[in-house]
Amino acid sequence: HCSFWLTFGVMVCLGVFRSPITSLLDAITHAHLGNHLEQFGRYRLWGSLGFLIAAGLFGHLRDTLGETGSLLSTSALIFTCALSAMSLNRTHTQTDTPSHVWQETLGFLRQTSMRLFIAGVAVYYLAHSSFDVYMGLHLKALGYSDSFVGIAWAVGVAVEVALMFFAPQIFRRFSPSTILCFSALAAALRWSLLSVVTSKAG
C-alpha cells in the first residue's frame with residue numbers, strides 16, 4: 001500500500017515537471033529562430049533523435065539491468081539535461097506583460113476557427129497520450145520483449161526524424177491545415193491497424 005502511494009507521488013511529480021519541457025523548449029527554439037521558423041523541424045529533430053537512441057537502448061537495458069538500473073540511468077540523463085539547460089542564453093526578444101498576453105489569448109479564443117483548432121488538438125493528444133501509455137504494455141501483453149518494444153518505438157521515431165528533416169520542403173508545398181489533416185488521418189489508420197493485432201507474429 002505504501003509502495004503504491006510512493007510510486008503514485010513520484011509519477012505525479014514526474015508528470016507535473018516533465019510535461020512542460022517539450023513546449024518550453026519549442027518556444028525557446030522559436031524565439032532563437034526569429035523569422036526562420038521554417039527551419040524549426042531541423043532543430044527539433046535532435047530531440048526525436050535522442051528519443052530514438054534512448055528507445056532502442058533502454059529496451060535492451062531493461063532486459064539486462066532490470067528496473068532499478070534503467071531507472072537510475074534515466075535519472076542521470078534527466079539530471080544532465082537540467083545542467084545543460086542552465087547554459088541556455090536568454091533571447092533578446094521583447095517580453096509582453098501578463099495582462100497583454102491574456103488579452104491576446106482571449107482575442108484568439110473569440111475566433112471560431114481557433115476554438116475548433118484547440119478542440120481538435122485536445123482530442124488528438126487525448127488519443128496520442130493513450131497510445132504512448134499503452135503501446136508498450138500492449139506489445140508486452142502479446143509476449144514481446146522490452147528490447148522489441150524499444151526497437152518498435154525507435155522505428156516510429158526514425159520516421160518522425162525524417163519528416164522533420166524535410167519539413168521546410170513539405171511546408172513550402174502544402175498548407176499547415178492540409179498537413180494537420182493528413183497527419184491525423186495517418187495516426188487514426190495506424191492506431192486502427194494496431195487494434196487488430198491480437199497475437200504475437202510467428
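Student: Is Val197 buried, partly exposed or exposed?
Tutor: In this predicted model, Val197 counts as partly exposed, because its relative accessible area comes to 33%.

Student: Where does Val197 sit, and what is it in contact with once its neighbours within four places in sequence are left aside?
Tutor: Val197 belongs to the segment after α7, the helix that covers 176–195. With those sequence neighbours left aside, Val197 is in contact with His138 and Leu142.

Student: And how many Å separate the C-alpha atoms of Val197 and Ser129?
Tutor: Their C-alpha atoms are separated by 19 Å, while along the chain Val197 and Ser129 are 68 residues apart.

Student: Stepping back, how many helices and strands are there in the protein?
Tutor: The protein has seven helices and zero strands, and reading along the sequence gives the pattern α-α-α-α-α-α-α.

Student: What does the C-alpha trace span along its principal axes?
Tutor: The C-alpha trace of the protein spans about 50 × 40 × 35 Å along those axes. As for the surface, the protein exposes about 15400 Å², and carbon and sulfur atoms supply 71% of that area.

Student: What percentage of the residues is buried?
Tutor: Of the 202 residues in the protein, 16% are buried. On the contact side, taking contacts between residues at least 6 apart in sequence, 65% join residues at least 24 apart.

Student: Let's turn to helix packing. At what angle do α2 and α5 pack?
Tutor: Helix α2, residues 40–85, packs with helix α5, residues 146–165, at an angle of about 170°, and their axes lie 8 Å apart. That angle is over 145 degrees, which means that α2 runs roughly antiparallel to α5.

Student: Which classes of residue are in the contact of α2 with α5?
Tutor: Sorted by class, the contact of α2 with α5 has 13 nonpolar residues, seven polar residues and six charged residues.

Student: Take Ser147, then: which helix is it in, and is it buried or exposed?
Tutor: Ser147 is found in helix α5, and it counts as buried because its relative accessibility is 19%, with the cut-off for buried being under 20%.

Student: Which residues does Ser147 contact, leaving aside neighbours within four places in sequence?
Tutor: On that basis, Ser147 is in contact with Gly59, His60 and Asp63.

Student: What about Gly50, where is that found?
Tutor: Gly50 is found in helix α2, and with a relative accessibility of 34% it counts as partly exposed. Gly50 and Gly66 are 16 residues apart in sequence, and from C-alpha to C-alpha they are 21 Å apart in space.

Student: Switching topic, how many disulfides does the count come to?
Tutor: The count comes to zero disulfides.

Student: On to Tyr124: which helix is it in, and what does it touch, not counting residues up to four places away in sequence?
Tutor: Tyr124 is found in helix α4, which covers residues 112–141.

Student: Last one: where is Val12 found?
Tutor: Val12 is found in helix α1, residues 2–33, and its relative accessible area of 38% makes Val12 partly exposed. Val12 and Leu139 are 127 residues apart in sequence and 25 Å apart in space, again from C-alpha to C-alpha.

Notes: Residues numbered from 1 in each chain as written. Predicted model: local features only at pLDDT ≥ 70, side-chain atom pairs only at ≥ 80, totals over all residues. Heavy atoms only, no water. Disulfide = S-S within 2.5 Å. Axes fitted to C-alpha atoms, helices over the stretch in contact; angles between N-to-C directions. Helix = DSSP H or I, 4+ residues; strand = E, 2+ residues; numbered from the N terminus. Parallel < 35°, antiparallel > 145°, perpendicular 65-115°, else oblique. Nonpolar A, V, L, I, M, F, W, Y, C, P; charged D, E, K, R; others polar. Buried < 20%, exposed > 50% of the residue type's maximum accessible area, 1.4 Å probe, protein only. Contact = heavy atoms within 4.5 Å. Areas by Shrake-Rupley, 256 points an atom, 1.4 Å probe, with all protein chains shown as cover.
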